[in-house]
Amino acid sequence: MITRRGLIVSGGATLLAGCDAWTGSPLLLDADEAHRYLQRAVVGRGALAAEFRPEQRSPRFRTNGTNNPNTPEYNALAANRFADWRLQVGGMVRQPLSLSLAQLRSMPQRAQITRHDCVEGWSAIGKWQGPRLEEVLRLAGLQDGVRYIVFHCADVFGQRRIPYYESIDLVDAFHPQTILAWSMNDAPLGVGHGAPLRLRVERQLGYKHAKYVMRIEAVASLAGIGRGKGGFWEDIAGYEWYAGI
Amino acid sequence: MQVYRHRLITRLWHWLNALAVLVMIPSGLMIFNAHPRLYWGNYGANFDHAWLKLPQWPGWLTLPSTYDLAGARHWHLAFALVLAFSLLVYLPWSLLNRHIQRDLRIRGAELAPAHLAQDLEAHWQLRFHDPADPKAYNIFQKASYAGVLFILLPLLIFTGLALAPGMWPWLADMFGGRQSARSLHFIAMALLSLFTVVHLTLVILAGPVNEVRSMITGWWKAPEDMGEAA
């Protein structure tokens, strides 16, 4: 019989090294699904993330991931202050859209001071403003069978220059605090934070908050997106698709 | 003299909890390596004041052993379910079967300075059991087991839950903000690690075969059978 003492004294290090091999096991991944199920069942699907007062904001909000996409296409858009940028909304929608920043700004707006929680452990608080994603999706009209909303971004990663992508389900897409932010701390979104437009999906970790959003796609399945796990970091490094935990 | 010391539910919980702790501390240290700084309050990142900055934990202490934040989170979150649900079953069960009231309740007389000094002296002489009632836990055992069961483990679970962005906001508020919850999570982990080291040391000093066997089968050999060593 294996005792804890035996494990620790004689085989602790070996055991832990051996565990590396089990890291991608289906049992552990099923546990992630269990967390999503439990959290939504217990806390509720429409529960709101914390909102803060202006003086509770971080003095300095650090950036993460891409600080500047720095591709010729992006630089051209930035040089013109994104006047030529258009948000494409397509996939399984009744009416594909092409929206300018001015159009997004003229839609009903939501402003919120929320805490951004990075998967690494740090948090920063800032103010975000933009139309609710729900407004944009209603304008386009989702077809029957849509289950996920995918965000295609302008920043590229690695030697293969894979553009960033992320996805959320309709629970989060229609959540009242899920917005397409063009403004941060009462100024147009800076390049470091995802100009001209980023997703805010406040009840999930930072990597879900896609920056530099170029195109929104409504899909029935994530199978055709990247390697099928629903996001860049999910596909590359095995991060959870549901990042509410 | 053989004594039936640990009931099945206690033994089951003990090993499930031991397994969860054995996985969650190393995977937690790997998660910590992703941002080895701690803060107080709602926010905290590189430009903010950190009350604790540590170097990265070495690979032999982390799970996985090489940098893998996503993998560590899979381990940590899977065994969090084991830790939390086994405690959720064990605590009320132990109230119903009166294990808590009978074995862990601290009586006033045990806290008298003279009694504490006497028990401490007995510990130094490696005498851990009251000859009149060898099955009973001594005051230091009661205090440390109660501290782990009622303070450290619940604190670890609730501060851990408070870190989840999808959780109720009031949970993080209860601890003074998400970064405070993260700091308390780390402090509670450090105290639980300290408990584990002391616990294992005392198991070895008290007679490891007898102690471990009693936590597996329930049956424990009382000190008079253990000859002079007792």
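Biologist: What is the order of the strands in the open sheet of chain A?

Modeller: Happy to walk you through this predicted model. The order is S3-S4-S8-S9, an open sheet of 4 strands with antiparallel pairing.

Biologist: What makes S3 and S9 of chain A edge strands?

Modeller: Strand S3 (109–117) and strand S9 (187–188) each pair on one side only, and that is the sense of the word here.

Biologist: How do you know that S3(A) and S4(A) pair?

Modeller: Pairing asks for at least two bridges between the strands. S3(A) and S4(A) have 9 bridges, in the antiparallel sense, so they count as paired under that rule. To find one of the bridges on your screen, look for His116(A), whose partner in S4(A) is Ala124(A).

Biologist: How many bridges hold for S8(A) and S9(A)?

Modeller: Strand S8 (residues 183–184) pairs with S9(A) over 2 bridges, again in the antiparallel sense. Ser183(A) has Pro188(A) of S9(A) as its bridge partner.

Biologist: Why is S4(A) called mostly covered?

Modeller: A residue is buried if 20 or more other C-beta atoms lie within 10 Å of its own. In S4(A), 7 of its 9 residues are buried, so those 7 reach the cut-off of 20 or more.

Biologist: Which strands form the hairpin that has Gly158(A) in its turn?

Modeller: Those are S5(A) and S6(A), with 4 residues between them. Gly158(A) has a positive phi of about 75°. Strand S5 (residues 148–157) and strand S6 (residues 162–169) run antiparallel and are joined by 7 bridges. Val156(A) stands opposite Pro163(A) in S6(A).

Biologist: What makes a residue of chain A part of the side that touches chain B, and how many are in contact?

Modeller: The C-beta atoms of the two residues must lie within 7 Å. By that test, 46 residues of chain A are in contact with 41 residues of chain B. Helix H1 (4–20), helix H2 (26–43), S3 and strand S4 (123–131) of chain A each supply at least two residues of that side. By class, the side of chain A has 24 nonpolar, 11 polar and 11 charged residues.

Key
Residues are numbered from 1 along each chain as its sequence is written. Chains are lettered from A and ligands numbered from 1 in the order in which they are written. This is a predicted model: local features need pLDDT of at least 70, side-chain atom pairs count only at pLDDT 80 or more; totals for chains, interfaces and linings use all residues. Ala, Val, Leu, Ile, Met, Phe, Trp, Tyr, Cys and Pro count as nonpolar, Asp, Glu, Lys and Arg as charged, and the others, Gly among them, as polar. A residue is buried if 20 or more other C-beta atoms lie within 10 Å of its own, exposed if 12 or fewer, and partly exposed in between; C-beta atoms are placed from the backbone.
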